[in-house]
Amino acid sequence: MNADDRRLISDALQGRSAAFGELVLRYQDRLYNAVLRVTDNPDDALDVVQDAFVNAYQSLKSFKGDAEFYTWLYRIAFNTAVSLKRKRRLVVSLDAGRDGESGVDPEDHCEDRPGVALQRSEDEALLQAALNRISAEHRIVLVLKDIEGMKYEQIAEVLGVPIGTIRSRLHRARLELRDVISPGSAAQDSPVEGVEN
Amino acid sequence: MLTEAQLELLTAAVDGVLPAPQEAALRRLIAASPEAKATFRHLLQNQRRLKAARRHAAPASLSKAVMARLPASTVPFATPAKPARVAGGFLPHLGWRPYAVAASLFFAVVMGSFWFNAVYGDANTLSAQQKSLPRPAVDTDGRETTIVVAIALDRRPEVLPSPRLPALPNPPTYADSRPNPKAPPELVVAPRPHTYDVIGSRDMLTELKPRDLIPVRLPFLGSVGDLDRADAQAQLAQEMARDSAFRLDLFAKDTTKGLESVVTAAKALGLTVHQDGPSDDRLKRKPTWIFYTESLTAEEIGKFAAELAAQEKAPDRQPAFGWFHFVPAQQAEQRDLRDLLGVDPGLWKKPMKSGANPTPKSATGGTLPEVITTLTKGPLPKPTGNQAIALPYLPHAARVPASSSKVKAFLDQRGDRKVGAVPLIVVVKPLPG
């Protein structure tokens, strides 16, 4: 765990809630992005992230500091998402993906060229729709590995399962994603390093 | 159609966790299979898309919303409650502490006394004994005359020589038998504690004595696929330097396929494998197999293990095994082999040294039976060495009789054990569960 996080947690435990506010600011974007990819619903993602931070605050004393703070936060968030899903049957809305619609806004407002922006937003929509069609268990490992760039060990820590399970889940997740993204889709023709055409 | 193992190789490559040998296998696979190449490209492109996916920022109101909810939540740093007082009793506000301090002091005093007696007990006895001895006499010049006293460190008083000063005309001298009277009393060195080997437990048959050291030797466990690694090879060699016969347990989903791997590895080392199997179809399903050879040296067993690992990792076939145990052979294996082969395999028999003459036999010894056999069955095969045998081991009903032609062929051709050969029993057993 990095020194800044340690200091902020220590301050928060001593009653300075502003320190916890700084932790929220530090990790809210990252956590929101990951949860949104999993839930595919901005409102649900917002609820889950808020609940996760509040739960983290309430359990801050039990945080041992032997892992990174954000992996602990992710764990709380994904547990919260699963709980929310059980309660409301809304969080992981697989039906939205099956209809080909996505709750994630695919538009990239930062793009200058309209053609590129359109292409990219199509790719985004295609990707999110594909993610929505695979199982939540597989979606989470793909999000953590490829979007969040976590290592096997960190994913295992977040999900509380052995590394071997993570390997096999990732293997099945990649195959499942391959099956739902057709080979002839938009970004499919771009060359890939290491594989000669 | 790609196999599951090939798909695993491809997805592991996408994850970027492929070790060097598997990377070579991946390149071969992609070069050989257009389907594998297309799949790999597809997987990589999906990964690239995920990595390039736009990151969504949290709404600006999120942190405010979280902070607004915090005061309503339980404060984690609430002032700790004061410990409850114990009503009544001696110094109730101190609780258990005085008792703990008193107990600690008592314990320290007892242990100190024990230690003091243990260390200085002999010295005190010595002082008392010295006091009982005569003081040095003083000669006419006022100089002290040296009295050499032999003192034994035995506490039994009768061992000490009793001085008889009045009987001596001169200052007595108690001669010490040792050349240097100032030398310290001779110490008796305790015998070195015997070391027992729990795994190679023939030593355990002897009686354990108090304070004997028992270093526990654990079996060498690992994954069959790792047996070609340098550290695994080094550990195998280390294990084999400690005993003379070994058992290798291999756990396989399909024991018959597992045995095929073992036989293939053995043949790669030039062994001739005599294999017999159960005739009953019901018993052919997943029996436990035993493979025995006494033709491999420790170094060759290392190569055999590496060959097994290479087969495990071959991209064109499914792994046959999971884990292995490598342990010294026991009497039980010797008995089982004797039952299976009909003769004592002599697992711990020392091999005949090269050039050593065998016990001379009479010129006619065994000639008549050989002539009869030659006339009836043709000439006996000459021992060629490098033999191995694979037989069903368990259940007992699956075993073949020791009179089996394969067993006879193995026994006829195995010859004398060569120098440096290490008997090896490989047991291919089904995975538990």
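## Burial and the model

A residue is called buried here if 20 or more other C-beta atoms lie within 10 Å of its own, exposed if 12 or fewer do, and partly exposed in between, with the C-beta atoms placed from the backbone. By that definition, buried residues make up 22% of the 433 residues in chain B, and 40% of the 197 residues of chain A count as buried.

This is a predicted model, in which local features need pLDDT of at least 70 and side-chain atom pairs count only at pLDDT 80 or more, while totals for chains, interfaces and linings use all residues. Residues are numbered from 1 along each chain as its sequence is written, and chains are lettered from A and ligands numbered from 1 in the order in which they are written.

## The two chains

Helices (H or I, at least four residues) and strands (E, at least two) are DSSP runs numbered from the N terminus. Chain A has 9 helices and 0 strands, and reads along the sequence as α-α-α-α-α-α-α-α-α, whereas chain B has 11 helices and 7 strands.

Two residues are in contact if their C-beta atoms, placed from the backbone, lie within 7 Å. In chain B, 76% of the contacts with a separation of 6 or more are accounted for by residues 24 or more positions apart; in chain A, 67% of the contacts between residues at least 6 apart in sequence join residues at least 24 apart.

## Where the chains touch

The contact between the chains draws 43 residues from chain A and 36 residues from chain B. On the chain B side, helix 1 (4–15), helix 3 (34–52) and helix 4 (61–69) each supply at least two residues, and helix 3 of chain B gives the largest share, 12 residues. By class, this side of chain B has 18 nonpolar, 9 polar and 9 charged residues, where Ala, Val, Leu, Ile, Met, Phe, Trp, Tyr, Cys and Pro count as nonpolar, Asp, Glu, Lys and Arg as charged, and the others, Gly among them, as polar.

## Helix 2 of chain B

The 13 residues of helix 2 (residues 20–32) of chain B should span 18 Å at 1.5 Å a residue, which agrees with the 19 Å between its end C-alpha atoms; the expected span is 1.5 Å times one less than the number of residues.

Ala25(B), Leu26(B), Leu29(B) and Ile30(B) are buried in this helix. They lie on the same side of helix 2 of chain B because they cover an arc of only 135° around the axis, the arc being that of the directions from the helix axis to the C-beta atoms. What covers the buried residues of helix 2 includes helix 1 and helix 3 of chain B, while the face turned away from the buried side carries the exposed residues Ala20(B), Ala24(B), Arg27(B), Ala31(B) and Ala32(B).
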